[in-house]
Amino acid sequence: MAIEFTKYHGLGNDFILIDNRASSEPVLTPKEAVKLCARHFGIGADGVIFALPGKNGSDYSMRIFNSDGSEPEMCGNGIRCLAKFLADLGAPPANTPQKQTSDSVYYKIHTLAGMIVPQLRADGQVRVDMGTPRLLAAEIPTTLVAGEHQVIEEPLEIAGKSWLVTCVSMGNPHCIIFVDDVAAIPLEVIGPQFEHHPVFPKRTNTEFVQVIRRNYLKMRVWERGAGATLACGTGACASLVAAVLTGRCDRLATVELPGGCLEIEWSATDERLYMTGPAVRVFEGRI
Ligand code: ZDP
């Protein structure tokens, strides 16, 4: 069976998008997704994203498989790409008519991390209501401290060194470490050791963050199930939350990733995270 796909990226975090509106289950298995993501033997991507019919009052649903076939709850760069994909397909946001204006379109997207609302703007940027961060150890999940406590700069021994880690869930787990120089971090060596450390029962995404100014962070990421990627939207949100919680930055900041910059705001009004960044269509094909 032939399947059509479109390739998108958000700051070089790249995805294969599949129009899956005709059925409520993904048309590919995790194993097939792994093959398509392979950079030398397949199409090449950090993950495969399925645009599925809406659920619980949403316009559409998103599911995503990482390049290793695991299924994360959420994906920040991916949901910007999904919003662009739906617009390119001419798929209307059927359940959110009241919010539409001439220069922006809102989609209500059901994800395994709850309802996420991307707003497609006339200037091509996508602003996403990413919901509220979860901070308790049991919610991350991590066993680093007792379940009802927050994990703020707790020591964790990895590769013979003690790292101070702060944990934030954006629906998916993140572990943030503040460092003086992100360029000096041997990501490929220590990233997997964080990802698979037994204190993270669902594994973890790991962000190394350098504070440049109170409104500018520089970050490198090792993603659960995808390795070193050029950008991570949920990771940028989690990093800003960790920086605010530890008094390092303001609630509105630019986060610079290897693939470019995202604007992240942790609203003091509604405690929600708002992420603004690009989503770019690259090519389409059929397999
Ligand atoms: O949680 C995970 O397993 C991540 N690999 C999911 C993907 C996150 C992503 N990089 C993002 O932008 O949030 C796509």
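**Exposure and salt bridges**

Author: Let's start with Arg-281, which is partly exposed, with a relative accessible area of 38%. The general idea is that buried means under 20% relative accessible area, exposed means over 50%, and partly exposed lies in between (1.4 Å probe, protein chains only). Please keep in mind that this is a predicted model, where local features need pLDDT of at least 70, side-chain atom pairs count only at pLDDT 80 or more, and totals for chains, interfaces and linings use all residues. Residues are numbered from 1 along each chain as its sequence is written, and side-chain values use heavy atoms, with hydrogens and water left out.

Reader: With which residue does Arg-281 form a salt bridge?

Author: A salt bridge is a side-chain nitrogen of Lys or Arg within 4 Å of a carboxyl oxygen of Asp or Glu. Here Arg-281 pairs with Glu-284, and their closest N and O atoms are 2.5 Å apart. Glu-284 is exposed, at 54% relative accessible area.

Reader: How many salt bridges does the structure hold?

Author: There are 16 of them. One joins the side chains of Glu-4 and Arg-286, at 2.8 Å from N to O. Glu-4 is in strand E1 (residues 4-10) and Arg-286 in strand E18 (residues 280-286), so this pair ties together parts that are 282 residues apart in sequence. Strands (E, at least two residues) and helices (H or I, at least four) are DSSP runs, numbered from the N terminus. Glu-4 is exposed at 52%, and Arg-286 is exposed at 58%.

Reader: What other residue meets Glu-153 in a salt bridge?

Author: That partner is Arg-248, with the closest N and O atoms 3.2 Å apart. This pair links distant parts of the chain, 95 residues apart: Glu-153 is in the loop between E8 and E9, and Arg-248 in the loop between helix H4 (233-245) and strand E15 (252-257). Glu-153 is partly exposed at 27%, and Arg-248 is partly exposed at 26%. Salt bridges can also join into a network, as with Lys-7, Asp-14, Arg-39 and Asp-46.

**Backbone angles**

Reader: How should I read the backbone angles?

Author: Asn-56 has a positive phi, near 50°; Asn-56 sits in the loop between strand E3 (47-53) and strand E4 (60-66) and is exposed at 65%. Ala-159 also has a positive phi, about 55°. Ala-159 lies in the loop between E9 and strand E10 (161-169), and is exposed at 51%.

Reader: Which residues does a cis peptide bond join?

Author: Ile-140 and Pro-141, with omega about -5°. Look for Pro-141 in the loop between strand E8 (126-129) and strand E9 (154-158).

**A loop serine**

Reader: Is Ser-267 buried or exposed?

Author: Ser-267 is buried, at 8% relative accessibility, in the loop between strand E16 (260-266) and strand E17 (273-277). The side chain of Ser-267 makes a polar contact with the side chain of Asp-270, at 3.0 Å. A polar contact is a pair of N or O atoms within 3.5 Å; within protein, one must be able to donate a hydrogen and the other to accept it, and residues adjacent in sequence count only if both atoms are side-chain atoms.

Reader: Leaving aside neighbours within four places in sequence, which residues is Ser-267 in contact with?

Author: Contact means heavy atoms within 4.5 Å, and Ser-267 is in contact with Arg-251, Arg-272 and Tyr-274 once those neighbours are left aside.
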